[in-house]
Amino acid sequence: MQNIKIGILVSSDRASRGEYEDISGKAIQEVLGEFILNPCEFIYEVVSDDFTPLQESMKRMCDELHCDLLVTTGGTGPAPRDIIPEVTESLCEKMLPGFGELMRQVSLKYVPTAILSRQSAGTRGKTLILNLPGKPKSIRECLEAVFPAIPYCVDLIGGAYIEANTQNINIFRPKV
């Protein structure tokens with residue numbers, strides 16, 4: 001079974017200064033650990049809500065560390081310092097708006113403020129970049145919704161073959 005390299009990038013001024021412990025990045029790791037059968041190498045960074053440091057971290061995870069999947073958390077709202085979608089778009093060769101559309105649709109079942117979320121996704125080389133919200137409960141809900149398409153998307157861009165734990169999640173790959 002092939003190793004999967006997953007970047008987790010937390011966008012948070014306060015967590016990057018050590019004012020509180022990040023729990024959103026850990027929630028991503030927990031959920032993906034439940035969904036993926038392959039051995040996973042997680043590369044975990046907490047960065048301030050500043051464009052250049054976020055862009056440099058994302059670029060490094062894609063271009064130098066060759067992550068198959070890069071998942072961000074935080075910075076997807078309308079506040080002035082929420083800039084993850086802009087950083088993602090600045091780096092991606094292709095944007096995949098369906099991921100954000102589905103995550104907002106799912107989140108609207110729980111909170112009316114989900115319409116304020118600007119989650120997005122795109123590809124850079126062989127890396128799928130996915131922007132998630134910052135709350136662990138929302139992270140799980142969003143990943144449950146979009147993960148069924150992630151392994152096939154990573155296949156299409158030339159990333160590692162992700163095997164799903166079908167006891168926890170069902171994925172879709174077209175029959176050849």
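This is a predicted model: local features need pLDDT of at least 70, side-chain atom pairs count only at pLDDT 80 or more; totals for chains, interfaces and linings use all residues.

**Exercise 1.** Find the element that holds E56, then decide whether E56 is buried, partly exposed or exposed.

*Solution.* Start with the secondary structure: E56 lies in helix α3 (helices are DSSP runs of H or I with at least four residues, strands are runs of E with at least two, and both are numbered from the N terminus). Next, check the surface: E56 has a relative accessible area of 48%. Buried means under 20%, exposed means over 50%, and partly exposed is in between, using a 1.4 Å probe and protein chains only. E56 is therefore partly exposed.

Residues are numbered from 1 along each chain as its sequence is written, and side-chain values use heavy atoms, with hydrogens and water left out.

**Exercise 2.** Work out which residue of helix α3 pairs with E45, and how accessible each partner is.

*Solution.* The side chains of E45 and R60 meet in a salt bridge at 2.7 Å, N to O (the cut-off: a side-chain nitrogen of Lys or Arg within 4 Å of a carboxyl oxygen of Asp or Glu). This pair links distant parts of the chain, with E45 in strand β2 (residues 40–47) and R60 in helix α3 (residues 51–64), 15 residues apart. E45 comes out buried at 17%, whereas R60 is partly exposed at 29%.

Salt bridges with shared partners also join D13, D50 and R81 into one network.

**Exercise 3.** Take D13 and R81 from that network and describe their contact.

*Solution.* Distance first: D13 and R81 form a salt bridge whose closest N and O atoms are 2.9 Å apart. Now place them: D13 is in helix α1 (residues 13–16), R81 is in the loop between β3 (69–73) and α4 (84–91), and 68 residues separate these distant parts of the chain. Then the surface: D13 is buried at 16%, but R81 is partly exposed at 38%.

**Exercise 4.** How many salt bridges does the structure hold, and how does the one between E21 and K26 look?

*Solution.* The count is 11 salt bridges. Among them, E21 and K26 bring their closest N and O atoms to 2.4 Å. E21 is exposed at 55%, and K26 is partly exposed at 40%.
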